[in-house]
Amino acid sequence: MFEGISNGLATALAPFNLLMVTAGCFAGTFIGMLPGLGPISAVALMIPLTYGLDPASGLILMAGVYYGAVFGGSTASILINAPGTASTVATTFDGYPLARAGQAGRALALAAYASFTGGTLGAVGLLVAAPLLANLALGFQSPEYFALMVLGLTAVTAFTERGRVLPACMMTVLGMMLGTVGADTISGLPRLHLGRLDLIDGFSFLLLAMAMFALAEVVASVLDGRFRSSAAGTDRNLGTMRLTRAEVREVAPVTGRSSVLGFLIGVLPGVGATLASFLVYGFERNLARGADRERFGRGSLRGLAAPEAANNAASTGSFVPLLTLGIPGSGTTAILLGALIAYGIQPGPRLFVEHPDVFWSVIVSMYVGNVVLLLLNLPLIPYFARLLRVPGQLLVPLVILFCVTGVYLVSFNTVDILIMVAICVVALVLKALGFPLAPVLLGFILGDYLEANLQRSLILYDGSFRFLWERPACLVIMLVTLAVAVAAVGRGGRRLDDVGEPD
């Protein structure tokens with residue numbers, strides 16, 4: 001192991017590879033900031049550029065783009081409430097209220113620190129525990145994944161206030177219903193498409209996110225006069241980027257816990273950073289007491305640090321099943337798997353022996369990349385925050401352009417733009433009636449995974465639900481889910497508003 005680490009250091013710290021990781025982080029950060037171009041698109045765009053590189057350099061470049069895109073995805077979420085990727089939805093809950101309260105600099109700096117901590121602890125975990133965690137991932141099958149999705153859906157209790165659990169549950173079910181439009185996950189047969197070919201593929205996450213968050217926020221802001229002034233951000237300046245000692249003491253344990261939990265969740269194939277960010281946010285929200293809990297959704301530093309640390313740690317953790325088992329842990333690592341195979345490298349247990357330079361250099365480059373990302377992003381925060389000072393007459397059309405362009409680039413279908421406008425109108429009505437919108441996205445994202453793993457589990461057990469109590473891990477997860485649900489009903493819950501802005 002120590003020989004492999006030394007070889008990895010030598011490879012990752014070679015001047016050309018340092019250039020590759022820096023270029024990857026830089027490109028990934030800016031691609032991740034654009035709604036609609038998340039980590040998957042960023043890595044896919046880099047593949048043609050790696051054909052002439054050796055495998056280690058090519059993988060280092062693409063890995064840098066991957067966690068650079070995750071790192072940069074928080075910027076649009078914090079500044080304009082436009083989560084271009086699912087893993088940064090939870091960042092909007094407290095990041096956007098902080099920006100609106102004149103603390104954009106502090107929010108962006110905290111996101112950078114939390115992301116660095118999550119990515120660094122994830123890289124260390126990957127370095128020392130990859131084989132052990134690979135065995136853990138092998139023990140999880142469809143029943144365990146189904147139970148994990150149910151637990152993830154109980155995170156809806158993090159978005160509810162006292163006496164408002166039922167509306168949040170209704171919105172979660174609505175999200176799951178929207179997720180059933182299109183081809184069936186297992187059979188591939190079309191369903192609920194109303195006879196329209198435009199709905200055969202269902203709704204994309206980006207369409208819902210842009211319609212419910214970014215576009216709805218812009219329309220609501222115009223309707224209530226928030227953008228009538230000459231400068232949209234007159235009350236939302238950069239503010240200080242410094243955290244006080246008290247704030248550091250407050251967020252440090254949160255960041256550490258969230259990094260560890262996010263990494264462990266990211267190790268599980270197919271789960272990824274999205275579920276990690278939601279679960280960890282709900283976990284920290286339920287741990288908080290008194291005034292700390294009240295601040296969640298209204299500009300809590302803990303609420304911002306938790307998902308940012310978790311999604312970066314989970315992104316690193318997704319490399320565990322990829323490198324040790326040859327199983328992609330997320331959509332982005334599935335693209336990286338194809339790139340490895342194109343290089344003639346078969347990921348799996350033999351990768352340690354047959355290509356140690358590739359294995360260890362990629363792991364070491366992750367830590368180097370996190371340092372590069374921190375050094376790149378902190379000096380750029382004042383320039384990012386200037387987006388808040390753009391006059392309203394320019395900012396509104398720009399956000400609308402981002403929404404329309406991002407949605408169109410996913411499918412190249414103009415009907416999706418009309419659907420986005422219709423969903424935006426419905427979202428505004430639901431918001432006016434007091435329904436939270438975040439649970440809709442949670443149900444949409446996790447509902448597909450829940451359905452697929454439930455179908456596989458029922459096939460495995462001949463249509464019986466006995467897997468819920470016959471498999472120990474599944475039983476433990478379901479008992480935890482039951483305890484969380486009972487606790488939420490017992491206290492009546494508490495609603496965080498739909499995108500984290502104050503009522």
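The model is a predicted one, in which local features need pLDDT of at least 70 and side-chain atom pairs count only at pLDDT 80 or more, while totals for chains, interfaces and linings use all residues. Residues are numbered from 1 along each chain as its sequence is written, and side-chain values use heavy atoms, with hydrogens and water left out.

**Overall make-up**

- The protein has 22 helices and four strands, where helices (H or I, at least four residues) and strands (E, at least two) are DSSP runs numbered from the N terminus.
- Of the 503 residues in the protein, 59% are buried, a term that means under 20% relative accessible area, with exposed meaning over 50% and partly exposed lying in between (1.4 Å probe, protein chains only).
- Among the contacts (heavy atoms within 4.5 Å) with a separation of 6 or more, 81% join residues 24 or more positions apart.

**Helix H20**

- Helix H20 covers residues 438-460, and its 23 residues should span 33 Å at 1.5 Å a residue, which agrees with the 33 Å between its end C-alpha atoms; the expected span is 1.5 Å times one less than the number of residues.
- A kink of about 35° in H20 is centred on Leu446, the bend at a residue being the angle between axes fitted to the seven residues ending there and the seven starting there.
- Just after H20, Asp462 takes a positive phi of about 55°.

**H20 and its partner H9**

- The axes of H9 (residues 205-223) and H20 come within 10 Å and cross at roughly 175°, where axes are lines fitted to C-alpha atoms, for helices over the stretch in contact, and angles run from 0 to 180 degrees between N-to-C directions.
- H9 is therefore roughly antiparallel to H20, a description used for angles over 145 degrees, whereas those under 35 count as roughly parallel, 65 to 115 as roughly perpendicular and the rest as oblique.
- Phe205, Leu208, Ala209, Met212 and Phe213 in H9 meet Ala438, Val440, Leu441, Phe444 and Ile445 in H20.

**Two buried residues**

- Gly434, in the loop between helix H19 (414-432) and H20, counts as buried because its relative accessibility is 19%.
- Although Gly434 and Ala168 are 266 residues apart in sequence, they are 9.9 Å apart in space, C-alpha to C-alpha.
- Thr255 lies in helix H10 (residues 245-267) and counts as buried at 6% relative accessibility.
- Leaving aside residues up to four places away in sequence, Thr255 touches Ala114, Thr117, Ala305 and Ala309.
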